Amino acid sequence: MQWCLTAEQQALRELARDFARREIAPQAAHYDRGATFPAAILERARAAGLLHLTVPEALGGPGLSAFEQVLIIEELAWACVGITAALSLNTLVADALLVGGDAQQQQRYIARLLRGELGAYAVTEPDAGSDVAAIATRAERRGVSYVLNGSKIWISNAPVAAFMVVLARTDAAGGNRGLSMFLVERDAPGLEVGPPLGKLGQKAAPAAPVFFRDVEVPAAARLGREGAGFRIAMQVFDRSRPMVAAFGVGLLRRCLDEALAYARQRHSMGRPILEHQAVGHKLAEMALRLEAARLLCWQAALLIDQGRRNTLQAAATKACAADSAMWAASEALQIFGGMGYSTEYPVEKLLRDAKLLQIYEGTSEIQRNIVLRELARAAALSAGVW
């Protein structure tokens, strides 16, 4: 593998780095305290070409690779994972359209995203988080339409979305194959978005419950064939998990930067605490985990660009980056000591933001289940998976 970045990729990374430091980092605490959506930052990011990164040029997007996407996302997440999540969630909606949509759906809805509208990806339910196959929201076929009934929970950007991609059950006895995916307008009669839910971290990306009460959608709003919803959702996860892993890589790098700077200037027992082995080893371990998480992230993204299946690598990088970010945030706070517990420094926010990385887009436990499943599948075929 050749890990050297091209001049164009280096320029993209520098663009994102400059934007993160100039536009996101100075406002991160403000949006965290207010738990408000960063609409102004989103517009500036759109103007800078930092949104909808992997939408093909044929559909009006930048046409960047998945690898270039994770380079950019790491830089933005360094400044604030919550704001970066708010800016990036349209990617899941676009990915669902690219994976399961027909040409007309892609052209119509991706054009709306590129114009500045926001979408929401409505999969999680009160009793179906990690177990996507347990989706209970129903979509009953009635002539040329479907009627949706049920509820979703923790739907990010739902309060600001113009439309949603919704996973619903079209066959009660069909298991995984009884799920279908639909495009649903926010103003559809019977659709209600509840108030934003209070969150520990990543507060700039609002999440809310969504309720469907006899919401009628045309059959033409279905993505793919009936029963293909689970397959589409899993393919979207394979595409989105490297991006979410890049959230963790960026946060982990911020933890290292903050802890290293503090350890160099904070003195204890007559010398910088950096020189105490107990502190130094924490910093060294952060650097080790950062490099490992980043390389896994790059590998999973490159497999997408090569058109190869990346299910195992996407799960591995998501678990590694999320768990490493959470560990690093806790250790960074420990290095700061009492000052780390204060809102005067950013490390307490890093800790709060990191925890959600271990939960959404599939928990760290689910990622390990996926890795084990892929290992067992490969062993049965007597072939390597790494």
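## How H8 and H11 pack

Helix H8, covering residues 229-265, packs against helix H11, residues 347-357, at an angle of about 155 degrees, and their axes lie 10 Å apart. That makes H8 roughly antiparallel to H11 (the label goes to angles over 145 degrees). The axes here are lines fitted to C-alpha atoms over the stretch in contact, with angles running from 0 to 180 degrees between N-to-C directions. H8 passes H11 in a left-handed crossing, meaning the near helix is turned anticlockwise from the far one by less than a right angle.

This is a predicted model, where local features need pLDDT of at least 70, side-chain atom pairs count only at pLDDT 80 or more, and totals for chains, interfaces and linings use all residues. Numbering starts from 1 along each chain as its sequence is written, and side-chain values use heavy atoms, leaving out hydrogens and water.

## Who touches whom

On the H8 side you'll find Val244, Phe247, Gly248, Leu251, Arg254, Cys255 and Glu258, which meet Val347, Leu350, Asp353, Ala354 and Leu357 of H11. Contact means heavy atoms within 4.5 Å. The residues of this contact split into eight nonpolar, one polar and three charged; Gly counts as polar, while Asp, Glu, Lys and Arg count as charged.

## The whole protein

Zooming out, the protein has 12 helices and 10 strands, taken as DSSP runs (H or I, at least four residues, for helices; E, at least two, for strands). Its C-alpha trace spans about 80 × 55 × 40 Å along the principal axes.

Of the 386 residues, 55% count as buried, that is, under 20% relative accessible area with a 1.4 Å probe, protein chains only.

How values were computed:
Parallel < 35°, antiparallel > 145°, perpendicular 65-115°, else oblique. Buried < 20%, exposed > 50% of the residue type's maximum accessible area, 1.4 Å probe, protein only.
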